[in-house]
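Hi,

Here is the model I promised to pass on.

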Amino acid sequence: MSIDAMPAPAALKRPRRRVNWGLITTYVIVILVTLTMLAPFIWMISASLKLDRDVFAFPIQWIPENPRWENFVEIWTKIPLGLFVMNTFQLTIIVTILQLLTSSFAAYAFAKLRFPYRNALFLAYIATIAMPWQVYMVPQFVMMRGFGLTNTLTALVCLQAFTAFGVFLMRQFYMSIPDELCEAARIDGMSEYGIWWRIMLPLSMPAISTLTIFTFVTTWNDFLGPLIYLTKTEVKTIQIGIRMFISQYTQEYGLIMAASVVSLIPVLIVFLALQRFFVEGIASTGLKG
Amino acid sequence: MAGISLRKLRKTFGTLTVVHDIDLEIADKEFIILVGPSGCGKSTTLRMIAGLEDISSGDLVIGDTIVNDVPPKNRDIAMVFQNYALYPHMTVYKNMAFGLELRHSPREIIDKKVNEAAEILDIAHLLNRRPKALSGGQRQRVALGRAMVRSPAVFLLDEPLSNLDAKLRTAMRAEITKLHRKLDATFIYVTHDQVEAMTMADRIVVMKDGHIHQVDTPQALYDRPVNMFVAGFIGAPQMNFFPVAVARGGTSVRFGDRELPLPARLSEALPPGSADRACMLGLRPEHFHERLPVDVDPAMTAEMDMEVELAEPMGAELHLNGVLGGETVIARVSPRCQARAGDRITLIADLSSAHLFDKKTEAAFGN
């Protein structure tokens, strides 16, 4: 049949668009959950601009009438916050770099090399994730004291440089990289170290970003570790340093909140910078966000 | 000089043996193809030659050196993988140059070799692209180019065409054959596609269950298969088999209630005392005709009725699928044949080209 001979199409009926109540309900729930999550942050920022006595005033005054910007100046003078920030940076950066190195290195072996008892060893290592830190916190402290490492950042670096979770995360990602790439590289003449450095690392940016965010945020926000190991003011991190605003008789909540806002900034920067890879990483490592 | 000898080569994974003590001599500059169904050990054999799998026992000799413990990079080989294995984060140029860079070749030599290979493979305009921006066929060429620039003595190709569409596969088959002639190197090629094997190889190695069944030129494999497996595997559509019993002192066979004549080369090959021996008669699809061909001795033919179940027109020929004497068969006849599904047609079987196999051992007589 030629095109000319085809019958003209009948006028098409467009069905009436119906209100999608399911979608509306989903949006309402999502907006409510978002507000619930954001409220404490907004409250913290609001409180950081208030006098101590106004912090807990009810009803909550979300936008202070006379914002106390001085809070953000006082926090640097009342306690050595600059030193604490430096300490925290030092600790976080060293731990993050070491964790990335050790995790991706071990993960490469577990994912791409063949050696006896590989899977048993991996399972045993991964099983340590299930052990709560509180269980071995004290013996670990005793051990570190034995090494003379209490009141040093080195103690925390030693404890946090290795993580079963990081190895697990990186290994799962490496498993998704075809073995043939490593084999092609071996035939091309590369050593295993070379393959790890020049093939696996560049290809695992999403996983590395994910691990960087996890490690950075965890180490930066760590409270219990520094609380146990660091008692001298010179080595304190920001999270336990802020506690110096709380004394026996007074709690300077305005300043605490101002310092908390400051301590949040690096975490936000790291997260925003790596967020694009992070989302990709969460998807590709099969982790739920 | 890059002849390769596999001497009693064996590969075991735990208690499972996947390659059983195979012996194979591959001549320098030969194009040899390992072919067989999935799990026959062909890829494992190739990977042992590449050095990507440890050899459980036996020796692998390249040139005049036993290379069992020599790492892949020192074996003077290059490999093309089934999924190409191009480095996704590098450009085509970098992918091709990478092996030479690792060997600290001078920059100008690398440049020259990469450009030469790119010209030959017609990928010169793609050198700055990343692999993800290439089509399957282009990736395949880059993978070949990466192997070429190294100028290895031996090329190992592991099902390199299996991810391409049918048309491109045919084109690349010809390209690889030409490349072999141009490069003057030993090619060892693994495939499960017997058409690839037939069209490209100097010699074909047919493998099954970790054993080599036959090593020969493509035509010899087709004409003189040593057993039923090789006979059935080589050739498309595959050979038809009929259960028969030896009769009349080996000059004919019984098929159902009929007697079919056997050519002299088969009756002479039957061992003494073969009366009533259960055998399988093999006839290739092209040995069925609608009318007697002029060059065939009428005494060596038999008329057989076939119930057609499916007629597949291929253009140049017609494939008739159906039942003949209770056996499922495929006959390749002229496209002008009018038979269609449901018809009953009389075909003339040319028994002068028949094959005869022992039913128990499946070994061929007279080859």
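Predicted model: local features only at pLDDT ≥ 70, side-chain atom pairs only at ≥ 80, totals over all residues.

**Helix packing in chain A**

Helix H11 (residues 205-221) of chain A and H8(A) have axes that come within 9 Å and cross at roughly 165°. Axes here are lines fitted to C-alpha atoms, for helices over the stretch in contact, with angles running from 0 to 180 degrees between N-to-C directions. H8(A) and H11(A) are therefore roughly antiparallel to each other; angles under 35 degrees count as roughly parallel, over 145 as roughly antiparallel, 65 to 115 as roughly perpendicular and the rest as oblique. Their crossing is right-handed (left-handed if the near helix is turned anticlockwise from the far one by less than a right angle, right-handed if clockwise). On the H8(A) side the contact is made by A:Phe165, A:Gly166, A:Leu169, A:Met170 and A:Phe173, and on the H11(A) side by A:Pro206, A:Ala207, A:Ile208, A:Thr210, A:Leu211 and A:Phe214, where contact means heavy atoms within 4.5 Å. Those residues divide into 9 nonpolar, 2 polar and no charged (Ala, Val, Leu, Ile, Met, Phe, Trp, Tyr, Cys and Pro count as nonpolar, Asp, Glu, Lys and Arg as charged, and the others, Gly among them, as polar).

Residues are numbered from 1 along each chain as its sequence is written, chains are lettered from A and ligands numbered from 1 in the order in which they are written, and side-chain values use heavy atoms, with hydrogens and water left out.

H8(A), which covers residues 164-175, also meets helix H5 (residues 118-127) of chain A, their axes coming within 8 Å and crossing at roughly 130°. That makes H5(A) oblique to H8(A), and this crossing is left-handed. A:Phe122, A:Tyr125 and A:Ile126 of H5(A) touch A:Ala164, A:Val167, A:Phe168 and A:Arg171 of H8(A).

**Sheets in chain B**

Helices (H or I, at least four residues) and strands (E, at least two) are DSSP runs, numbered from the N terminus, and two strands pair if DSSP finds at least two bridges between them.

One open sheet has 4 strands in the order S2-S1-S4-S5 (chain B), paired antiparallel. S2 (16-26) and S5 (65-66) of chain B stand at the edges with a single partner strand each, so one side of each has no neighbour in the sheet. Helix H1 (residues 42-50) of chain B packs on this sheet, touching S1 (4-13), S2 and S4 of chain B, and its direction makes about 115° with that of S1(B).

An open sheet of 6 strands runs S13-S12-S11-S14-S20-S21 (chain B), again with antiparallel pairing. Strand S20 (residues 355-358) of chain B joins S21(B) over 2 bridges, with B:Phe357 opposite B:Ala364.

Strand S16 (residues 301-313) of chain B pairs antiparallel with strand S17 (residues 318-324) of chain B through 6 bridges. Their hairpin has 4 residues between the strands, and B:Gly315 takes a positive phi near 95° there.

**Where the chains meet**

The contact takes 16 residues from chain A and 25 residues from chain B. Together the chains bury about 1700 Å², 62% of it on carbon and sulfur atoms (buried area is the accessible area, with a 1.4 Å probe, that two parts lose on being put together, summed over both). A:Ile187, A:Asp188 and A:Arg198 supply 39% of what chain A buries against chain B, more than any other three residues.

Cheers
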